[in-house]
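I opened a page for this structure and wrote down what I looked up, in the order in which I looked.

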Amino acid sequence: MSFNLKSAPEKAQNTGKQYVSPGIYDNTKVVEVVLLETSKNKVPYMEIHTSGPNGEIGKSGKMFLSTKVGTNEDGSPKKMSAWEMSSGNILDFIQAAYNNNREQAETLFGEVSSNQQVVDKTAALLVGKVVRAKFKGEEGADGRVWPSIDKVESMSVTPGTLRYDATRDIKKYRPQSNTAEAVNADITTGAKDGSDLPF
Amino acid sequence: MNVEHLICSPNMRESLLFLINMFSLSDAYRNITLEEIFSKVEEYQLWNYYCTNFREYDISFKSELYNDKNPSCRIKPISNGRLQYTDYGTGDRYGIFDYVSAKYNVTFKEALNIVSNDFNIRSKVPIVIDPGLKQLNLEKRLLIRPKASIEIISQPFNITDFNYWSQYDIPLTLLQEYRVHSCKYVYLTKGDKVIRFEYDKNNPLYAYEFISDNRTSYKIYKPLEKDKRYKWMFSGGSQADIEGLDQLNLNGDVLVLTKSLKDCMCFRLLNIDAISLQGETNKLDSELVNKLLKRFKKIIINYDQDEEGIKNTLRLNKEYSFEYFYIDKHKDLAEFIKQEGLKEAKIMINKKING
């Protein structure tokens with residue numbers, strides 16, 4: 001057997017995963033609910049992962065699970081705990097998946113006593129269910145737009161409640177000013193002959 | 001030369017005797033080899049001699065290495081032409097000398113010596129084995145049978161789980177209610193052996209959890225497993241673990257005694273209470289029957305319509321006079337729902353129970 005590059009396609013094929021683009025989509029199916037941790041400080045959070053009709057990958061924002069009410073930078077207490085925020089998102093999902101009201105959704109979820117149980121319960125209720133979902137986007141430094149679920153509604157209701165506007169729903173990338181200064185500083189302090197370059 | 005007749009001092013005679021007896025290599029101890037044994041005796045003969053319960057190739061027999069209740073062992077030729085002993089209950093595999101080692105609790109070299117002695121293969125240097133030693137070790141082993149234990153690492157249900165269970169219309173929330181877990185890993189420990197099973201989307205892993213007397217035990221179910229040895233795995237459970245018992249309504253008209261937890265859940269979909277024993281052949285405790293009959297007006301048996309199912313249905317019918325029925329067209333209710341749908345299943349079961 002010999003190897004050469006003659007049979008390579010003109011352009012490398014993208015074999016990576018296809019992410020959903022920002023917008024509103026019918027039949028967005030929940031495929032997984034995961035418990036993760038932030039890389040810094042190891043703060044636990046939950047994410048709901050979805051799949052579009054053609055397998056496009058989507059996910060919710062980070063749903064933090066702490067029931068403690070934190071403090072603001074000035075030391076004043078925050079209005080609500082992370083869990084209170086996240087539980088609202090979970091209720092929205094359950095209402096959309098089962099086309100029921102808030103009270104019914106609360107009853108379905110019941111009560112659990114640990115982060116893992118929150119995830120297990122949410123997975124049992126939502127995996128395999130389909131909703132209509134609005135994905136918003138956030139532009140990264142490389143220009144790519146990262147989608148995340150903004151709002152959901154039941155597939156049984158007439159479309160119309162969810163509205164998407166690319167100018168408002170895609171957060172543009174803005175480099176932080178101190179980062180820009182740091183970059184400039186690096187450029188100006190670099191050796192002029194390029195002897196400090198790593199190659 | 002006869003040293004005994006030399007005229008010399010006793011000390012000198014002793015030294016001469018010593019010299020004459022030394023430095024001769026002809027009688028040096030030589031270990032017996034596999035080749036030597038196999039040149040004198042057939043492997044089949046060895047298995048027949050040492051494996052007491054072995055009768056024929058590829059026919060199951062009970063292990064003599066522990067208190068085996070079912071015939072779970074077989075001996076058959078493998079690709080290198082040798083014979084291999086496989087215990088499908090424990091997963092143990094032995095060649096003949098490994099088996100002799102295990103049986104008498106001796107080293108491999110000692111096993112070779114036992115065989116050579118029993119078959120008189122090296123008569124020149126006989127090896128004396130204490131005949132009582134073999135029996136003693138065997139008796140000790142019979143008493144120590146390592147019990148399997150199962151530990152699980154569970155995970156939230158995912159789309160693979162949904163796809164599998166929704167074939168039977170069983171929602172994931174119902175699995176949770178019946179304490180069925182999706183498992184990322186399952187560890188099966190027996191003695192010093194640990195086997196790890198990993199979840200795969202083409203071969204998912206589920207654990208049925210049982211709690212009795214503050215003790216948790218698991219029954220592992222790999223519905224898509226091709227190797228039948230690992231489709232079901234049990235540990236620590238007992239016949240007293242009745243599937244579906246904790247999920248029953250307090251009382252009702254009908255309680256169905258079926259043959260699996262999956263079927264219990266399917267009956268629940270039809271709003272019918274159901275329990276299952278750990279197997280169709282298991283006995284139904286009369287005390288439990290009395291308790292259940294205080295809560296339910298009648299108990300109806302629904303086992304599979306195969307030889308085993310019919311036999312055990314008739315046994316329970318004779319013992320308790322319970323009514324019984326079989327599922328139309330398919331082997332069980334779960335399969336009926338999968339093939340015909342929940343609506344048809346409701347009609348069929350309603351006819352069976354209410355006439």
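The entries below go from confidence to cysteines, then to a helix and a surface patch.

**Confidence.** I noted at the outset that this is a predicted model. For chain A I found a mean pLDDT of 85, with 85% of its residues reaching 70 or more. Over residues 180–199 of chain A, however, the pLDDT is below 50, and this stretch has two contacts in the model beyond near neighbours in sequence. I kept in mind that where pLDDT is low, the predicted coordinates should not be read in detail.

**Cysteines.** I looked for disulfides over all chains and found zero. B:Cys266 is in no disulfide, and the nearest cysteine sulfur, which belongs to B:Cys264, is 9.3 Å away. Because its relative accessible area is 0%, B:Cys266 is buried. I also looked up B:Cys183, which counts as buried because its relative accessibility is 0%.

**Helix α9 of chain B.** I then turned to the helix formed by residues 261–269 of chain B, which is mostly covered, with nine of its nine residues buried. After α9(B) comes B:Asn271, for which I noted a positive phi, near 60°.

**Surface patch.** Which residues make the nonpolar surface patch of about 240 Å²? I listed B:Ile310, B:Leu314 and B:Tyr324. Of these residues I followed up B:Leu314, which lies in helix α11 of chain B, residues 307–320. B:Leu314 is partly exposed because its relative accessible area is 41%, between the cut-offs of 20% and 50%.

Definitions and conventions: Residues are numbered from 1 along each chain as its sequence is written. Chains are lettered from A and ligands numbered from 1 in the order in which they are written. This is a predicted model: local features need pLDDT of at least 70, side-chain atom pairs count only at pLDDT 80 or more; totals for chains, interfaces and linings use all residues. Side-chain values use heavy atoms; hydrogens and water are left out. A disulfide is a pair of cysteine sulfur atoms within 2.5 Å. Buried means under 20% relative accessible area, exposed over 50%, partly exposed in between (1.4 Å probe, protein chains only). pLDDT is the predictor's confidence in each residue, from 0 to 100. Contact means heavy atoms within 4.5 Å. Helices (H or I, at least four residues) and strands (E, at least two) are DSSP runs, numbered from the N terminus. Patches are made of residues with over 30% relative accessible area and no salt bridge: like charges are joined within 9 Å, nonpolar side chains (Val, Leu, Ile, Met, Phe, Trp, Tyr) within 5 Å. Accessible areas come from the Shrake-Rupley method with a 1.4 Å probe; for residues, only the protein chains shown count as cover. A salt bridge is a side-chain nitrogen of Lys or Arg within 4 Å of a carboxyl oxygen of Asp or Glu.
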